[in-house]
Amino acid sequence: MIKDKLIEKSKEAFVMAIEIYNKPTIKYRVEGFSFFICNAWELMLKAHIINKFGNNGIYYKDNKDRTISLENCLQKVFTNEKSPLRRNIEKIVELRNTSTHFV
C-alpha cells in the first residue's frame with residue numbers, strides 16, 4: 001500500500017535528519033537536516049492525506065502525474081494558518097529553500 005511505503009520512508013528521513021544534525025563535524029548539517037526533515041514531514045503528511053481523503057488527495061487536480069508540495073500538504077492538514085506546528089514547519093521549509101536556491 002502506498003500509504004505504508006510513505007510512512008516507512010518518512011521514518012527513515014526523520015532518522016537521517018536527526019543523525020545528520022547530531023554530527024558536529026558536518027559543516028552543512030543544518031541544511032542537510034532541513035532537507036531530510038522537510039522530506040519526512042511531506043511523506044508523513046501525504047500518508048495522512050491518503051488516509052483521510054484517498055489516493056487522489058495527494059495529486060494536483062490538473063496534473064495527476066504530480067504530487068502536491070509540502071506547503072500544499074501543510075495547508076490541507078493544518079487549516080489554521082496560526083497553528084504553531086504549521087508555522088514551525090514553514091520556517092524549516094524557508095531554511096530548506098534558502099539552502100537549496102541561494103547557496
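Trainee: Where does Glu 42 lie?
Mentor: Glu 42 is in helix H2. Helices here are DSSP runs of H or I with at least four residues, strands are E runs of at least two, and both are numbered from the N terminus. Before going on, note that this is a predicted model: local features need pLDDT of at least 70, side-chain atom pairs count only at pLDDT 80 or more, and totals for chains, interfaces and linings use all residues. Residues are numbered from 1 along each chain as its sequence is written, and side-chain values use heavy atoms, with hydrogens and water left out.

Trainee: Is Glu 42 buried or exposed?
Mentor: Glu 42 counts as buried, because its relative accessibility is 18%. The cut-offs are under 20% relative accessible area for buried, over 50% for exposed, and partly exposed in between, with a 1.4 Å probe and protein chains only.

Trainee: What is Glu 42 in contact with?
Mentor: Leaving aside neighbours within four places in sequence, Glu 42 contacts Ile 68, Ser 69, Leu 70 and Cys 73. Contact means heavy atoms within 4.5 Å.

Trainee: Take Ser 69 from that list. Where is the place of Ser 69?
Mentor: Ser 69 sits in the loop between strand S2 (63-67) and H3. Its relative accessible area is 22%, so Ser 69 is partly exposed. Beyond four places in sequence, Ser 69 touches Glu 42 and Tyr 60.

Trainee: How far apart are Ser 69 and Thr 98 in space?
Mentor: C-alpha to C-alpha, Ser 69 and Thr 98 are 16 Å apart. In sequence they are 29 residues apart.

Trainee: New topic, the core. How many residues has the largest nonpolar core?
Mentor: The largest nonpolar core has 19 residues. Such a core is a set of buried Ala, Val, Leu, Ile, Met, Phe, Trp, Tyr and Cys residues joined through side-chain atoms within 4.5 Å. Helices H1 (2-21), H2 (29-53), H3 (70-77) and H4 (84-102) each give two or more residues to this core. The largest share comes from H2, with 8 residues.

Trainee: Which residues have the most contacts inside it?
Mentor: Trp 41, Leu 45, Leu 70, Leu 74 and Ile 89. Take Leu 45: not counting residues up to four places away in sequence, Leu 45 touches Leu 70, Cys 73, Leu 74, Val 77 and Phe 78.

Trainee: On to packing. At roughly what angle do the axes of H2 and H3 cross?
Mentor: Roughly 45°, and the axes of H2 and H3 come within 9 Å. That makes H2 oblique to H3. Axes are lines fitted to C-alpha atoms, for helices over the stretch in contact, and angles run from 0 to 180 degrees between N-to-C directions. Under 35 degrees counts as roughly parallel, over 145 as roughly antiparallel, 65 to 115 as roughly perpendicular, and the rest as oblique.

Trainee: Who makes that contact?
Mentor: From H2, the residues include Trp 41, Glu 42, Leu 45 and Ile 49. From H3, they include Leu 70, Cys 73 and Leu 74. By class, the contact of H2 with H3 has 9 nonpolar, 1 polar and 3 charged residues. Ala, Val, Leu, Ile, Met, Phe, Trp, Tyr, Cys and Pro count as nonpolar, Asp, Glu, Lys and Arg as charged, and the others, Gly among them, as polar.

Trainee: And H1 with H2, what is the angle?
Mentor: About 160°, with the axes of H1 and H2 8 Å apart. H1 and H2 are therefore roughly antiparallel. Their contact divides into 20 nonpolar, 4 polar and 4 charged residues.

Trainee: What about H3 and H4, how do their axes cross?
Mentor: At roughly 175°, coming within 11 Å. That makes H3 roughly antiparallel to H4. Leu 70, Glu 71, Leu 74 and Gln 75 in H3 meet H4 residues including Arg 86, Ile 89 and Val 93. The contact of H3 with H4 has 4 nonpolar, 2 polar and 4 charged residues.

Trainee: Last one. Where is Ile 58 found?
Mentor: Ile 58 is in the loop between H2 and strand S1 (59-60). At 3% relative accessibility, Ile 58 counts as buried. Leaving aside neighbours within four places in sequence, Ile 58 contacts Lys 46, Ile 49, Ile 50, Arg 66, Thr 67 and Ile 68.
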